[in-house]
Amino acid sequence: MMHGPLFLPASVSEHVPDIAVAVEKHGGNLHTAIVFLRSSSGLFVLDVTIEGLVRALPIKSEKHNFAWAIPAIDPALRDSVRVLCEKLADNPPVLFYGLRYHKSEFAVEGSTIRVSLAGDTVGVTCATFVLMIFDSLGLSLVDHDSWRPRPEDEPHMRNLADWAAKSVPPDRPYGIAAHVMKRNAADVKCFRFRPEEVLATCLLPDSRGCSLDDTESIGVNVRRWVIEAESLRKSRVLSAGP
């Protein structure tokens, strides 16, 4: 059962969130981010790129077409997430793109942020970057133990591993980068946190500790809505002409 609501792109100016989990269509894939309200400068989108670069960009309607939902957690806890997003925006950590994810955290130490990766985690995807922000505050959106590998994810994971291997910034230490790429190549059969399922946690009555069974079917609908919204936006742009 959906708790909602899911806000489609046109409503972002009507329902300004303090924080929200957001998904947009990016090429042929979905991309996950956090929309957050900076205390001094409006709405920003925080995400990680395939190169492992953490970035915070102001929301611009002509460039961003996110569907988003506000996590069903206490407002005071949401504000803790917002504050962490501000700190990550001001002091972006160095990350790699990694497929396998165990519950990890960003530890704030004064003006610096320490990245603490658990187990054999070597990096994050766009989806697990968002999970890691909540994990850092003890507000895990998902029940990690409930996730399982799904055969239909393997081709996508293999494509991501290949894409990430070609996208490592040249300033990264070669030895570490080579280890990460080797790890990713071995992890293409691991379970995947899909962008639409991360957003689906925010459509449940309690967004904490959601299981795969809770989110999988809602995620299917989220994916469909996001793709339909993007198709509608493109058709409106084309019909408007130059």
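Q: In this predicted model, which residue in E4 does Phe 44 stand opposite?
A: Start with the two strands: strand E3 covers residues 42-48, and E3 and E4 pair in the antiparallel sense over five bridges. Now look across from Phe 44 into E4, and the residue standing opposite is Pro 58.

Q: Which residue lies over the face of Phe 44?
A: For a charge to count as sitting over a ring, CZ of Arg has to be within 6 Å of the ring centre and within 35 degrees of the ring normal. At 5.3 Å from the ring centre of Phe 44, the residue that lies over the face is Arg 38.

Q: Which strands stand at the edges of the open sheet?
A: Read off the order of the five strands, which is E4-E3-E2-E1-E5, with antiparallel pairing. An edge strand has a single partner strand, so one side of it is left without a neighbour in the sheet. That gives us E4 (54-58) and E5 (67-69).

Q: How much does the sheet twist from one strand to the next?
A: We're still with the open sheet of five strands, E4-E3-E2-E1-E5. From one strand to the next, its twist averages 30°.

Q: What angle does the direction of H2 make with that of E2?
A: H2 packs on the sheet, where it touches E1 (19-26), E2 (29-38), E3 and E4. Take the direction of H2 against that of E2, and the angle is about 35°.

Q: How many aromatic pairs are there?
A: Rings of Phe, Tyr and Trp pair if their centres lie within 6.5 Å. By this rule, the count is five.

Q: Are the rings of Tyr 101 and Phe 193 stacked or edge-to-face?
A: Their centres are 6.4 Å apart and their planes meet at 80°. Planes over 60 degrees apart count as edge-to-face. So the Tyr 101 and Phe 193 pair is edge-to-face.

Q: How many residues apart in sequence are the parts that the Tyr 101 and Phe 193 pair ties together?
A: Tyr 101 lies in the loop between helix H1 (75-90) and strand E6 (105-109). Phe 193 lies in the loop between helix H4 (174-186) and helix H5 (195-200). The pair therefore ties together parts whose separation in sequence is 92 residues.

Q: Is Tyr 101 buried or exposed?
A: Buried means under 20% relative accessible area. Tyr 101 has 2% relative accessibility, so it counts as buried.

Q: And what about Phe 193: buried or exposed?
A: Use the cut-off of under 20% again. Phe 193 comes in at 5% relative accessibility, so it's buried.

Q: What kind of pair do the rings of Phe 106 and Phe 129 make?
A: Phe 106 lies in strand E6 and Phe 129 in helix H2 (residues 126-135), so the pair ties together parts 23 residues apart in sequence. Phe 106 and Phe 129 are both buried. Their ring centres are 5.9 Å apart and their planes are at 70°, so the pair is edge-to-face.

Q: Is Ser 217 buried, exposed or partly exposed?
A: Ser 217 lies in helix H6 (residues 212-240). Its relative accessible area is 48%, while buried means under 20% and exposed means over 50%. That value falls in between, so Ser 217 is partly exposed.

Q: What percentage of the chain's residues count as buried?
A: The chain has six helices and seven strands, and 242 residues. Of those residues, the share that counts as buried is 50%.

Key
Residues numbered from 1 in each chain as written. Predicted model: local features only at pLDDT ≥ 70, side-chain atom pairs only at ≥ 80, totals over all residues. Heavy atoms only, no water. Helix = DSSP H or I, 4+ residues; strand = E, 2+ residues; numbered from the N terminus. Buried < 20%, exposed > 50% of the residue type's maximum accessible area, 1.4 Å probe, protein only. Phe/Tyr/Trp six-rings, centres within 6.5 Å; stacked < 30°, edge-to-face > 60°. Pairing = 2+ DSSP bridges. Axes fitted to C-alpha atoms, helices over the stretch in contact; angles between N-to-C directions. Contact = heavy atoms within 4.5 Å.
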